[in-house]
Amino acid sequence: MSKRAEQLKELLAPVVEDLGYTLWGVQYLQGRGSVLRLFIDHDDGINVDDCALVSHEVSGVLDVEDPIPGDYNLEVSSPGLDRPLFELSHFERYQGESVQLTLLAPVAGKRKMTATLVAVDGDTLVMELDGESLRVPYSQVDRARLQPRFD
């Protein structure tokens, strides 16, 4: 997660949690048409009314604190079945699942892979790809997303 996204998460997590939700992750995409995307979660799932409530409350905080210069669009959504994984604790929660990774530098000659997350060993992800075990430093993960199975 970028430094800006981490700062925004620190600012907004208490607001989201006070409403009874978990702030799963934050993405801040800069550029023309900047976007601040919040992923919220709840044990009972997320619906459009939940997103609207969080959007309304968070908008007020963002207006007062003004942490982002310029114009941007605020999006609030569920992380979904193919949820992005933002923190090491997310990986720990989904051991045994298939994960799509994009890495900052190649590991075993690959920057992009879909592999099974076998374990989290300290700051290292132990992945299984084509019957081989790969150790991927968490610091090398650019993006990660669950790859849902529909068996």
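**The open sheet.** I started with the open sheet, where 3 strands come in the order β1-β2-β3 with mixed pairing (helices, H or I with at least four residues, and strands, E with at least two, are DSSP runs numbered from the N terminus; two strands pair if DSSP finds at least two bridges between them). β1 and β3 (73-77) are at the edges with a single partner strand each, so one side of each has no neighbour in the sheet. From one strand to the next, the twist averages 15 degrees (axes are lines fitted to C-alpha atoms, for helices over the stretch in contact, and angles run from 0 to 180 degrees between N-to-C directions).

β1 and β2 are antiparallel, paired over 7 bridges. I looked up one partner: Q27 bridges to R37 in β2. α1 packs on this sheet and touches β1 and β2, with its direction at about 145 degrees to that of β1 (contact means heavy atoms within 4.5 Å). α2 packs on the sheet as well, touching β2 and β3, and its direction makes about 145 degrees with that of β3.

**A note on the model.** This is a predicted model, so I kept in mind that local features need pLDDT of at least 70 and side-chain atom pairs count only at pLDDT 80 or more, while totals for chains, interfaces and linings use all residues. Residues are numbered from 1 along each chain as its sequence is written, and side-chain values use heavy atoms, leaving out hydrogens and water.

**Helix α1.** Buried residues in α1 include A5, L8 and L12 (buried means under 20% relative accessible area, exposed over 50%, partly exposed in between, with a 1.4 Å probe and protein chains only). Their cover includes β1 (22-29), β2 (35-41) and α2 (48-65).

**Strand β6.** T124 lies in β6 (residues 124-129) and is buried, at 17% relative accessible area. β6 pairs antiparallel with β5 (residues 110-121) over 5 bridges, and 6 bridges join β6 to β7 (residues 132-137), also antiparallel.
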